[in-house]
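Here is a short briefing to read with the model open beside you.

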Amino acid sequence: MKIVSFLIAFVIFSIVILFHELGHFLLAKANGIRVNEFCFGLGPTICGIQKGETKYCIKAFPFGGACMMEGEDEEGTFNSKSVWRRFSVIAAGPIFNFILAFIFAFILMSCVGYDKPVLSGVMEGYAAEEAGLQEGDEII
C-alpha cells in the first residue's frame, strides 16, 4: 500500500512540475525568447530529442524540471526583452500552478461532490440557539 501511495504522489508531483515548466516555456515562446532546453528531472540526461532550437529531455533524478532560455543580450534572448515580457515569463509558472489546482479541484468536486453545510448541533446559550437554529438545519 505504501508503494502505491508513493507512486501516486510521484505522478501528481511530476504533473505539477511539468505544468509549471510548461507555463514558463509557452510564455517564453510567445514572447520570442529562445528556449534551449525543456527538461523533466535534474542531473545527467537519460534521453532527449532536439526539435528546432529546443532540446526536450528527461534527466536522471526526477525531482524537478527546467526551462532553460537563452540569456544574453542578443535578439531573441531573455535579457533583451522588456521588463513586462520577462515578468510574464517568470510569473507564468506559478500562474499555471493555480490553473492546475483549479483543474484538479474541479475534477475532484465533479467526482466526489461536496457536503452540504448542515448543522451537527447547536450549543446552548450561544447566538445560534438564540436565532432559532437547530441540529440538522442546512445553511443556504
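Helix H1 (residues 2-30) and helix H2 (residues 83-112) have axes that come within 7 Å and cross at roughly 140°. That angle makes H1 oblique to H2, because angles under 35 degrees count as roughly parallel, over 145 as roughly antiparallel, 65 to 115 as roughly perpendicular and the rest as oblique. This is a predicted model, in which local features need pLDDT of at least 70, side-chain atom pairs count only at pLDDT 80 or more, and totals for chains, interfaces and linings use all residues. Residues are numbered from 1 along each chain as its sequence is written, and side-chain values use heavy atoms, with hydrogens and water left out.

- Helices (H or I, at least four residues) and strands (E, at least two) are DSSP runs, numbered from the N terminus.
- Axes here are lines fitted to C-alpha atoms, for helices over the stretch in contact, and angles run from 0 to 180 degrees between N-to-C directions.
- H1 passes H2 in a right-handed crossing (right-handed if the near helix is turned clockwise from the far one by less than a right angle, left-handed if anticlockwise).
- On the H1 side, the residues that meet H2 include Ile12, Ile15, Val16, Phe19, His20 and His24; their H2 partners include Val89, Ile90, Gly93, Pro94, Asn97 and Phe104. Contact means heavy atoms within 4.5 Å.
- The residues of this contact divide into 16 nonpolar, 6 polar and no charged (Ala, Val, Leu, Ile, Met, Phe, Trp, Tyr, Cys and Pro count as nonpolar, Asp, Glu, Lys and Arg as charged, and the others, Gly among them, as polar).

**Two histidines in H1**

- His24 lies in helix H1 and counts as buried at 13% relative accessibility (buried is under 20% relative accessible area, exposed over 50%, partly exposed in between, with a 1.4 Å probe and protein chains only).
- Leaving aside neighbours within four places in sequence, His24 is in contact with Cys67, Val89, Ile90, Ala92, Gly93 and Pro94.
- A polar atom of the His24 side chain lies 2.8 Å from the backbone oxygen of Val89. A polar contact is a pair of N or O atoms within 3.5 Å; within protein, one must be able to donate a hydrogen and the other to accept it, and residues adjacent in sequence count only if both atoms are side-chain atoms.
- His24 and Gly93 are 69 residues apart along the chain, and their C-alpha atoms are separated by 5.3 Å.
- His20 is also found in helix H1, where it touches Gly93, Pro94 and Asn97, not counting residues up to four places away in sequence.
- The C-alpha atoms of His20 and Ala66, 46 residues apart along the chain, are separated by 9.3 Å.

**Buried residues beyond the helices**

- Glu37 sits in strand S1 (residues 35-51) and is buried, with a relative accessible area of 12%.
- Beyond its neighbours within four places in sequence, Glu37 has contacts that include Thr45, Lys55, Lys59 and Met68.
- Thr77, in the loop between strand S2 (54-69) and H2, is buried with a relative accessible area of 0%.
- The Thr77 side chain reaches the backbone oxygen of Glu74 at 2.6 Å.

**Exposed residues**

- Met123 lies in the loop between H2 and H3 and is exposed, with a relative accessible area of 58%.
- The C-alpha atoms of Met123 and Gln134, 11 residues apart along the chain, are separated by 9.5 Å.
- Ile140, in the segment after helix H3 (127-130), is exposed at a relative accessible area of 97%.
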